[in-house]
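Please consult the sequence and the coordinates alongside the points below.

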Amino acid sequence: MHLTSPSRRAAALAIAREVAARSAEYPAVAIIPLYSAIDKMDSNNGWGMIGHRFLTCGMRAGAAGTAGLFDGGVAALGAAAASLRGDTGRYERLLGRIDAAVGPVADHDLISGTAGAGLYLLLRPPMSKRDEVASALAGGAGARPPYPMRHVPAAWQVADGYADCGLAHGAAGPLAVLALLCTDRPAGAAPEESRAIRTVADWLLGLAREDRWGTAWPAGVDRVTWHPSPRRAAWCYGVPGIARALRLAGDALCEPRYQRAADDAMAQLLQAPESWGLEGPGVCHGLAGLMLITAAFATHPRDRFALAVEDLFDRLCDAYDSRLPLGFDVTGPGLLSGAAGIALALLVVTGGDPIASKLFLAG
């Protein structure tokens with residue numbers, strides 16, 4: 001669901017132009033989708049050429065790893081090229097090479113692993129690689145617990161077999177992408193994929209707890225401990241990302257139990273802003289991510305979620321300060337934690353680029 005107010009669309013585009021202009025000295029592949037989205041709305045001012053320049057710089061520098069959608073890997077390069085390509089037919093040879101290179105890796109997460117590879121492939125025409133990634137994601141669900149982290153930060157006090165719950169690094173990311181891959185396939189989910197979706201969705205529901213604000217999830221669990229997490233309303237961790245994954249699982253399997261659990265958790269969260277614990281305006285940890293996920297739940301212009309999106313949109317616009325180097329109180333232009341991601345989120349919820357919406361798991 002998109003905000004349709006002309007004044008909000010104009011505000012989003014004005015902020016996006018300012019952020020893009022200020023970010024032009026930072027030639028990063030990750031922020032190319034912002035230039036692509038603006039170019040689709042304002043094609044006479046060279047925004048697409050800036051994105052092309054950034055892509056050229058990224059191709060010269062090379063990409064890390066074989067997945068890497070949000071950590072500078074080859075899938076990030078592909079997502080940037082796919083966003084610039086649009087309906088033009090450009091970059092087909094480059095995208096063909098990236099399609100061939102992207103595939104399952106040891107880690108399953110959304111930032112640098114197989115889930116990110118699957119999300120990139122959803123930006124491209126259907127191909128056999130999608131089934132390969134879906135099979136890998138379904139297979140990872142069979143671990144106990146599902147999708148144990150292979151690279152746990154040394155500072156974390158967790159036992160062996162730690163499994164994360166969040167959207168960015170945990171089970172919610174593979175669940176969301178597997179559900180999308182199955183939904184996008186005409187034949188729907190294969191039996192083993194349906195079982196995997198149910199396994200992970202039931203596991204997440206089993207870890208939910210009720211506190212005074214509503215449903216909450218831990219950061220993760222290991223073989224001996226349920227690891228509590230500070231209350232967060234973030235895209236990466238907490239209710240929004242997990243609820244989005246559960247909702248997508250419910251939609252993929254036509255399972256009302258998952259749909260209701262997701263809708264109720266989000267509705268409770270939005271009624272308790274004192275519980276949000278957000279870290280600034282950005283997508284990953286902040287207000288823009290909450291806005292994007294909330295927009296994905298809205299189905300009618302005046303439903304409870306759509307009204308919340310309007311409020312969150314206005315808060316983000318109020319947070320814009322032209323005196324700041326990048327317009328927002330962030331440390332860089334990046335997509336998940338920086339100004340470009342915030343500006344792109346404003347465009348997404350006012351009807352902007354559908355590729356960006358898919359990247360954020362908001363559409």
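Buried denotes under 20% relative accessible area, exposed over 50%, and partly exposed in between, with a 1.4 Å probe and protein chains only. At 0% relative accessibility, L361 falls in the buried class. The model is predicted: local features need pLDDT of at least 70, side-chain atom pairs count only at pLDDT 80 or more, and totals for chains, interfaces and linings use all residues. Residues are numbered from 1 along each chain as its sequence is written, and side-chain values use heavy atoms, with hydrogens and water left out. Helices (H or I, at least four residues) and strands (E, at least two) are DSSP runs numbered from the N terminus.

**Backbone geometry**

- Most residues other than glycine have a negative phi, and most peptide bonds are trans.
- L361 is not a glycine, yet it has a positive phi of about 60°; this residue is found in the segment after α15 (354–359).
- Y91, likewise not a glycine, shows a positive phi of about 65°.
- Y91 is placed in the loop between α4 (74–85) and α5 (92–101), and its relative accessibility of 15% makes it buried.
- The peptide bond joining R144 and P145 is cis, with omega about 0°.
- P145 belongs to the loop between α7 (128–140) and β1 (163–164).

**Sheet**

- Two strands are taken to pair if DSSP finds at least two bridges between them.
- An open sheet is formed by three strands in the order β1-β4-β5, with antiparallel pairing.
- Its edge strands are β1 and β5 (226–227), each of which pairs on one side only.
- Strand β1 is joined to the antiparallel strand β4 (residues 220–221) by two bridges, and G220 in β4 is the bridge partner of D164.

**Salt bridges**

- Side chains of opposite charge can pair when their charged atoms come close.
- A salt bridge requires a side-chain nitrogen of Lys or Arg within 4 Å of a carboxyl oxygen of Asp or Glu; the structure holds 19 of them.
- R22 and E18 form a salt bridge through their side chains at 3.5 Å, N to O.
- Both R22 and E18 lie in helix α1 (residues 6–23), four residues apart, or about one turn of the helix; E18 is partly exposed at a relative accessible area of 38%.
- D353 and K40 are linked by a salt bridge whose closest N and O atoms are 3.7 Å apart.
- Because D353 lies in the loop between α14 (339–349) and α15 while K40 lies in helix α2 (residues 32–41), this pair ties together parts that are 313 residues apart in sequence.
- D353 is buried, with a relative accessible area of 4%, whereas K40 is partly exposed at 43% relative accessibility.
- R232 forms a salt bridge with E279, with closest N and O atoms 3.8 Å apart.
- R232 sits in the loop between β5 and α10 (239–253) and E279 in the loop between α11 (256–270) and α12 (287–297), so the two tie together parts 47 residues apart in sequence.
- R232 is buried, with a relative accessible area of 18%.

- Contact means heavy atoms within 4.5 Å.
- D99 is found in helix α5 and is buried, with a relative accessible area of 9%.
- Apart from neighbours within four places in sequence, D99 is in contact with Y120, R124, M127 and K129.
- G282 lies in the loop between α11 and α12 and is buried at 7% relative accessibility.
- Apart from neighbours within four places in sequence, G282 is in contact with L287, A288, G289, L336 and I342.
- G282 and D263 are 19 residues apart in sequence and 23 Å apart in space, C-alpha to C-alpha.

**Second largest pocket**

- On a 1 Å grid over the protein atoms alone, a pocket is an open set of points where a 1.4 Å probe fits, with protein on both sides within 12 Å along at least five of seven lines; lining residues have an atom within 4 Å of a point.
- The lining of the second largest pocket includes K40, R85, R124 and D353.
- Elements giving two or more residues to this lining are α4 and α15.
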